[in-house]
Amino acid sequence: MIYLDAAATAPVRREVLQAMWPYLTTEFGNPSSVHAVGEAAATALEDARRRVARAFEVRATNVVFTAGGTEADNLAVKGLALATPRGRHLIVSAIEHEAVLRSADYLARLHGFEVSIAPVDHDGRVDPEAVASLLRPDTTLVSVMHANNEVGTVQPVWEIAERAHAVGALVHTDAVQSVGQLDTRIGELGVDALTFSGHKLGAPKGTGALVLGGRHEIEPLVHGGGQERGRRSGTESVAGAVALATALEFAEAEQTSAVSAAVERDAFVSAVRSAVPTAVLTGHTTERLPRNASFVFPGVNGETILLELERRGVLSSSGSACAAGRTETSHVLLAMGLADDVARSAVRFTWVHGTTPAELAGVAESVAHSVAALRSIRS
């Protein structure tokens, strides 16, 4: 079985399990306790915070541990918007993760914010000038993801942030898919806040963080004992924080192979296109994640392709796992201008570091056989 659904979740690394194990067993203390066991847990928690901060080149106090990317996105969008009295206008892109879109909708419904939607082109790219045209003197926050979770397109975040900052707005980027694959240092992206999730990197599910680029006020979503410097109450998961820091370090170390990974990706894309001439790559051809290849196969239902691929030993997906159980067409593909029936033929292949070119070549063959078999049945 070949697993090509890393954008949904990656397998937990053995090194991560080993690093977190002591804090699930012998070093089990509450980091807020003042006795020796609690102090040991607090030391591990702050060490993990420093390690995460080092990866993004920010102060350790600017890292807020959360229960994943969705919570981190909610905290970033709602927390920054509600804590900043500048105005009640938000800008988000049309292809944001539901965590961002629903947070913006919440602010509109219950707090009187006005939300502007920045469009994307056929490649899923946000034009910085389109964002600039939506900016207003009362714009509080702009949220544009670094790389899309469905089609892998990488956004010109720096250029967008530059225009937003010119009018005094803050900028958040959802970097759940790009952390560990691209350079996501806060200074290089030029953003005020970044969010990421551990289970895309090899940490367990239920781990993530909001990383702030400066001393920005955050209105907390969860109230209680004031943990995480009052920004996210609740006893911290020390084991989760250690796991997140460890997985991040391994993923960052593997970034040196990003160029070769992109070459392997392009070879896989070419192989699929050659084997299935009607296949259409979705997303930008070059400005995309190095281990993401997404297609539509007009005339064939994407879900049936997935079933046929699984029968042949290949696990992939039709898009965002966060939309599981829903029958709506991908809002990302529709925003890119694809027709509904074409969007429903989508298949996404995403893989982890260590997946070999030979394995990808075998997957391309399986795609060709699967599509041919389904078209034969249909005809």
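## Helices and sheet of a predicted model

The buried residues of helix H8 are covered by elements that include helix H1 (14-20), helix H2 (36-56), strand E2 (63-66), strand E7 (193-197) and strand E8 (208-212). Helices (H or I, at least four residues) and strands (E, at least two) are DSSP runs, numbered from the N terminus. Buried means under 20% relative accessible area, exposed over 50%, and partly exposed in between (1.4 Å probe, protein chains only).

The model is predicted: local features need pLDDT of at least 70 and side-chain atom pairs count only at pLDDT 80 or more, while totals for chains, interfaces and linings use all residues. Residues are numbered from 1 along each chain as its sequence is written, and side-chain values use heavy atoms, with hydrogens and water left out.

Helix H8 comprises residues 238-253, and its 16 residues reach 23 Å from the first C-alpha to the last, close to the 22 Å expected at 1.5 Å a residue. The expected span is 1.5 Å times one less than the number of residues. Twelve of the 16 residues of H8 are buried, so that the helix is mostly covered. Among them are Val 238, Gly 240, Leu 244, Thr 246, Leu 248 and Ala 251. H8 lies across E2, E7 and E8 and runs at about 100° to E7. Such angles, from 0 to 180 degrees, are taken between N-to-C directions of lines fitted to C-alpha atoms, for helices over the stretch in contact.

Why does the span of H2 agree with expectation? Its 21 residues should span 30 Å at 1.5 Å a residue, and its end C-alpha atoms are 31 Å apart. The buried residues of H2 include Gly 38, Leu 45, Arg 49, Arg 51, Val 52 and Phe 56. Their cover includes E2, helix H7 (186-189), E7, E8 and H8. After H2 comes Glu 57, which has a positive phi near 60°.

### The sheet

Seven strands form an open sheet with mixed pairing, in the order E2-E8-E7-E6-E5-E3-E4. E2 and strand E4 (114-118) are the edge strands, each pairing on one side only. On average, neighbouring strands of this sheet are turned by 20° against each other, direction ignored. H2 packs on the sheet by touching E2, E7 and E8, and its direction makes about 115° with that of E2. Contact here means heavy atoms within 4.5 Å, and two strands pair if DSSP finds at least two bridges between them.

| Strand pair | Bridges | Direction |
|---|---|---|
| E3 (residues 89-93) and E5 | four bridges | parallel |
| E5 and E6 (residues 170-174) | three bridges | parallel |
| E2 and E8 | four bridges | antiparallel |

Individual partners can be named for these pairs. Val 142 in E5 is the bridge partner of Ile 91, Ser 143 stands opposite His 172 in E6, and Val 63 stands opposite Val 211 in E8. Strand E5 (residues 139-143) is mostly covered, with five of its five residues buried.

### Helices H3 and H4

Helix H3 (residues 69-83) and helix H4 (residues 98-111) have axes that come within 9 Å and cross at roughly 35°. The crossing of H3 past H4 is right-handed, meaning that the near helix is turned clockwise from the far one by less than a right angle. Which residues of H3 meet H4? They are Thr 70, Asp 73, Asn 74, Val 77, Lys 78, Ala 81 and Leu 82, and the residues they meet in H4 include Val 100, Tyr 106, Leu 107 and His 111. By class, the contact has eight nonpolar, four polar and two charged residues. Ala, Val, Leu, Ile, Met, Phe, Trp, Tyr, Cys and Pro count as nonpolar, Asp, Glu, Lys and Arg as charged, and the others, Gly among them, as polar.
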